[in-house]
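Here are a few notes to read with the structure open beside you. Take them in order, and look up each spot as you go.

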Amino acid sequence: FMFNSMIIQTFTFNGFQENTSVVYSGKDAVIVDPGCYERFEQQALLDFIQSNELKVHAILNTHCHLDHVLGNAFCVDQFQVNLITHKEELFTLSLAERSAQMYGFPAFVNSPEPTVFVEDNQIIRFGELEFKIIFAPGHSIGHIAFYNEANAVLIGGDILFKGSFGRTDLPGGSMEVLKKSIHERMFTLPENTIVYPGHGPTTTIGEEKRSNYIWQF
């Protein structure tokens, strides 16, 4: 997908069918929510970055549920860059090892601690890439989304899906809080904003405002 100069390559990794995004402009790149667990998944990600001669500036986590951090250790080690998330997600990350045992990921290498914490409405830049942080908890306690206004793109993690939304029954989740996040933070973005969710196909804010059954809650 190409919007002006920003390109998003999505890989669907691990048993949870999690979407890992490589976002790049020119040679500047970030990896959002690396879910690569199997060797061949790690290799696919690496091959893509190398064949496009991308410079990975950082690893970003929208949140730290197991399926979104399975590849954190691999990517941080491989690229020697900062791991960036919201400080509230330290709680979620602390549960990852137990989740890995529970869900049958015996080779899980626990994620390193995040090295940079971002706040709501903060602007972060990596070369030609720029994102605004949108704090939108409910699926997890410190969930954030990465918004690029110029390209009308939202890398939204597990807040909003095509025709659905993130589950709220995990530790730190809340339906009331998620609903507020969606109505006040997601649905106030321009309708043409393309949403790259943590699972499933892309959608737009306009489409979800019209058809998403979050309205019924």
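1. Start with the aromatic cluster: Phe-11, Phe-13, Tyr-24 and Phe-48 belong to one group. Do keep in mind that this is a predicted model. Over the whole structure, the search turns up eight aromatic pairs.

2. One of those pairs is Tyr-37 with Phe-105, an edge-to-face arrangement with 4.8 Å centre to centre and 85° between the planes. Tyr-37 sits in the loop between β4 and α1, while Phe-105 is in the loop between α5 (96-103) and β7 (116-117), so this pair ties together parts that are 68 residues apart in sequence. Are the two residues buried or exposed? Both Tyr-37 and Phe-105 are buried.

3. Next, have a look at Phe-165 and Tyr-213. Their ring centres are 5.1 Å apart and the planes are at 45°, so this pair counts as tilted. Here too, distant parts of the chain are linked: Phe-165 is in strand β13 (residues 164-165) and Tyr-213 in the segment after α7 (205-211), 48 residues apart. As for burial, Phe-165 has a relative accessible area of 9%, so it is buried, the cut-off being under 20%. Tyr-213 has 35% relative accessibility and counts as partly exposed.

4. Now for the helices. Two packed helices are described by the angle between their axes and the distance between the axes. For helix α1 (residues 39-51) and helix α3 (residues 72-79), the axes come within 11 Å and cross at roughly 35°. The crossing of α1 past α3 is right-handed.

5. Which residues make that contact? From α1 they are Gln-42, Leu-45, Leu-46 and Ile-49, and from α3 they are Phe-74, Cys-75, Gln-78 and Phe-79. Sorted by class, the contact of α1 with α3 has six nonpolar residues, two polar ones and no charged ones.

6. Why can α3 be called largely enclosed by the rest of the structure? Because six of its eight residues are buried. The buried residues of α3 are Asn-72, Ala-73, Phe-74, Cys-75, Val-76 and Phe-79. Their cover includes β4 (28-32), α1, β5 (55-60), α2 (66-69) and β6 (82-85).

Technical notes:
Residues are numbered from 1 along each chain as its sequence is written. This is a predicted model: local features need pLDDT of at least 70, side-chain atom pairs count only at pLDDT 80 or more; totals for chains, interfaces and linings use all residues. Side-chain values use heavy atoms; hydrogens and water are left out. Axes are lines fitted to C-alpha atoms, for helices over the stretch in contact, and angles run from 0 to 180 degrees between N-to-C directions. Helices (H or I, at least four residues) and strands (E, at least two) are DSSP runs, numbered from the N terminus. A crossing is left-handed if the near helix is turned anticlockwise from the far one by less than a right angle, and right-handed if clockwise. Contact means heavy atoms within 4.5 Å. Ala, Val, Leu, Ile, Met, Phe, Trp, Tyr, Cys and Pro count as nonpolar, Asp, Glu, Lys and Arg as charged, and the others, Gly among them, as polar. Buried means under 20% relative accessible area, exposed over 50%, partly exposed in between (1.4 Å probe, protein chains only). Rings of Phe, Tyr and Trp (its six-membered ring) pair if their centres lie within 6.5 Å; planes under 30 degrees apart count as stacked, over 60 as edge-to-face and the rest as tilted.
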